[in-house]
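Hello,

Here is the structure I promised to pass on.

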Amino acid sequence: MTDKIKRQFTGIVASLAMQNTAVVKVDRVKIHPRYKKRYTVSKKYHCDCRIEGIKVGDRVVFEETRPLSKTKRWRIINIL
């Protein structure tokens with residue numbers, strides 16, 4: 001039986017307003033197809049946050065998991 005590889009992202013904690021949930025913002029750089037200009041695209045993910053000592057602005061690594069609620073499908077695994 002082969003295990004499916006889980007996607008992992010690195011982002012910055014944007015909010016800790018909910019219980020056991022952190023909103024993590026991930027920025028990535030895209031290049032315009034015609035003009036070749038670089039621009040930043042960001043997306044926010046709701047992550048399960050069971051690690052003590054996380055603050056807004058921390059850089060974290062998170063991976064996908066089973067659905068934990070309506071919007072949570074990610075779990076924080078490490079603080080960088």
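Below is what was found in it.

A word on the basis: this is a predicted model, in which local features need pLDDT of at least 70 and side-chain atom pairs count only at pLDDT 80 or more, while totals for chains, interfaces and linings use all residues. Residues are numbered from 1 along each chain as its sequence is written, and side-chain values use heavy atoms, with hydrogens and water left out.

**Overall fold**

The protein has zero helices and five strands (DSSP runs numbered from the N terminus: H or I of at least four residues for helices, E of at least two for strands). The five strands close into a barrel in the order S1-S2-S3-S5-S4, with mixed pairing (two strands pair if DSSP finds at least two bridges between them). On average, neighbouring strands of this sheet are turned by 50° against each other, direction ignored (axes are lines fitted to C-alpha atoms, and angles run from 0 to 180 degrees between N-to-C directions).

S2 (residues 21-31) and S3 (residues 38-48) are antiparallel partners, joined over eleven bridges. If you want to find one of them on screen, Arg28 has Val41 in S3 as its bridge partner. Along the principal axes, the C-alpha atoms fill a box of roughly 45 × 40 × 25 Å.

**The core**

Of the 80 residues in the protein, 26% are buried (under 20% relative accessible area; exposed is over 50%, partly exposed in between, with a 1.4 Å probe and protein chains only). The largest nonpolar core has twelve residues, among them Val24, Tyr45, Cys47, Cys49, Phe62 and Trp74 (such a core is a set of buried Ala, Val, Leu, Ile, Met, Phe, Trp, Tyr and Cys residues joined through side-chain atoms within 4.5 Å). S2, S3, S4 (59-64) and S5 (74-79) each give two or more residues to this core, and S2 gives the most, with three.

**The cysteines**

How many disulfides are there? The count comes to zero, taking a disulfide as a pair of cysteine sulfur atoms within 2.5 Å. For Cys47, the nearest cysteine sulfur is that of Cys49, 8.5 Å away. Cys47 counts as buried because its relative accessibility is 0%; Cys49 is also buried, at 12%.

Best wishes
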